[in-house]
Amino acid sequence: MSLSINSVSTGQLPVVVIGAGPVGLAAAARLVERGLEPLVLEAGPSAGTAVREWAHVRLFSTWSEVIDPAAEKLLAPTGWTRPDGSAYPTGGDWAEQYLQPLADVLGDRVRYGAAVTGVARAGRDRVVDSGRDAQPFAVHILSADGREERISARAVVDASGTWSSPGPLGADGLPALGEKAAAGHVSHRVPDLGDPVVRARYAGRHTAVVGSGASAFTALAALADLAREEPGTHAVWVLRRGITGSTFGGGEADQLPARGALGLRAQAAVEEGHASAVTGFRTQAVERDGDRLVLVAEDGRRLDPVDEVIVLTGLRPDLSFLSELRLGLDDRLQAPVALAPLIDPNVHSCGTVHPHGVNELSHPEQGVYLVGMKSYGRAPTFLAMTGYEQVRSVTAALAGDREAAERVELTLPETGVCGGAGLFDEPDTAAAEGGGCCAAPATLQIGTGAPATASGGC
């Protein structure tokens, strides 16, 4: 599909949605509901490509909280069976039982193997003012077979997320010296130790886990379980800050049992000797010591050699293919300027982020919106239900219904867990104790946990 800019009026062009994940597909469903034509471009081979990478992880949220209402309406006539709303899906469940059926209903409105390499105003680089707003968008894509295309669009909704851009080992936000050379022994994902090949990589070895969020907790807990079964397995938890009373979360007093249990398991890993903690360590370099690695801090400290390094220092947006657009982004979070103060992780947890929509997501470049996790830039406080509300508002604005676009149709809980996976009791037990994430919506910054019989994730 390649549309000529000159042969089709802008109003007849599709709205290009980048990414066939939960928020991108919800955006497409909302566009269909509004009578607008979406074209979803997905770099991967199927819906929910990123979600499938943590398929074994169980979400903190129930099915009732991770299905978009417009998407459900689109699915209903097909005979789709809605999963039990009180059950906790795994990432694999979410992809197979909801995301893929939704993409299938959308049909040829979803293109797979279509990586967006650039977005611009047709015939205008970011410098040119003349006639800019009247021009459609030119979306450049690279197909899986190597073909290049340019597709014209009336608007662009970027829901490509941040999963593909994990934070580096270096404490200054750049890769540590030697990090790239050591890539064969450095992972930026929490390992799935249920996979025999992955398990063999860490069994009986020493692993440095760098990070202080829920994903790091998950890795520590999983490696501690492995250590109980495989002698010689040990984790070194590398923290850029010190250990305080809140380092392991609220424990048994935590309002969210999943979060509290995860913190307690990480704490137990340290107290039982399966992991040791190194605080105030800001990595500057990775050096070789034979077949092992040595982390070197900015202050000159050196850790004992380790076999593997797991880096869980957050995620960040890929803005490279948007370089010819005029985006208004906060200089710290890389989130839209009006949204940034509402999501600043120094101030807010996910439960204290106010619902927001088109006003906070608009940019100097009219007709382009970053939604979903990408809209939060480097802030780890994103919730799936927030993303669904975002696209409801944005699509209403694109349809010309400003009143609906500016109306808030989402109430968030007062507290929330953000930014990672967890390991906690079986779903029924967790539900009996008060539910999962925020007792409501899902987070999308995912680590991995134990096999699917343990709970974690959103």
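**Helices, rings and burial in a predicted model**

Tutor: The protein chain contains twelve helices and 15 strands. Helices (H or I, at least four residues) and strands (E, at least two) are DSSP runs, numbered from the N terminus. The model is predicted, so local features need pLDDT of at least 70 and side-chain atom pairs pLDDT 80 or more, whereas totals for chains, interfaces and linings use all residues. Residues are numbered from 1 along each chain as its sequence is written, and side-chain values use heavy atoms, without hydrogens and water.

Student: How do you know that the length of H10 agrees with its number of residues?

Tutor: The expected span of a helix is 1.5 Å times one less than its number of residues. For the 15 residues of H10 this gives 21 Å, and its end C-alpha atoms are 21 Å apart, so the two values agree. Helix H1 (residues 22-33) has twelve residues and reaches 17 Å, close to the expected 16 Å.

Student: What makes H10 largely enclosed?

Tutor: A residue is buried under 20% relative accessible area, exposed over 50% and partly exposed in between (1.4 Å probe, protein chains only). In H10, 14 of the 15 residues are buried, so the rest of the structure largely encloses this helix. H1 is mostly covered, with ten of its twelve residues buried; among them are Pro 22, Leu 25, Ala 28 and Arg 30. In the protein chain, buried residues make up 56% of the 458 residues.

Student: Why does Thr 386 count as buried?

Tutor: Its relative accessibility is 2%, which is under the cut-off, so Thr 386 is buried. Thr 386 belongs to helix H10 (residues 384-398). Its C-alpha atom is 9.5 Å from that of Val 371, 15 residues away along the chain.

Student: Why is the pair of Trp 80 and Tyr 98 called tilted?

Tutor: The whole structure holds four aromatic pairs. Their ring planes are at 50 degrees and the ring centres 6.4 Å apart in the case of Trp 80 and Tyr 98, so this pair is tilted. Rings of Phe, Tyr and Trp (its six-membered ring) pair if their centres lie within 6.5 Å; planes under 30 degrees apart are stacked, over 60 edge-to-face, and the rest tilted.

Student: What makes this pair tie together separate parts of the sequence?

Tutor: Trp 80 lies in the loop between helix H3 (69-75) and helix H4 (91-106), while Tyr 98 is in H4, so the pair joins parts 18 residues apart in sequence. Both residues are buried.

Student: Why is the pair of Tyr 376 and Phe 382 called edge-to-face?

Tutor: Their planes stand at 80 degrees, with ring centres 5.2 Å apart, so the pair is edge-to-face. Tyr 376 is buried at 1% relative accessible area, and Phe 382 is buried at 2%.

Student: How do you know that the charged end of Arg 121 sits over the ring of Phe 137?

Tutor: A charge sits over a ring if NZ of Lys or CZ of Arg is within 6 Å of the ring centre and within 35 degrees of the ring normal. The charged end of Arg 121 is 4.1 Å from the centre of the Phe 137 ring. Arg 189 lies over the face of Trp 163, 3.8 Å from the ring centre.

Student: Which residues of H1 and H4 meet?

Tutor: Pro 22, Leu 25, Ala 28 and Val 32 in H1 meet Trp 94, Leu 99, Leu 102, Ala 103 and Leu 106 in H4. Contact means heavy atoms within 4.5 Å.
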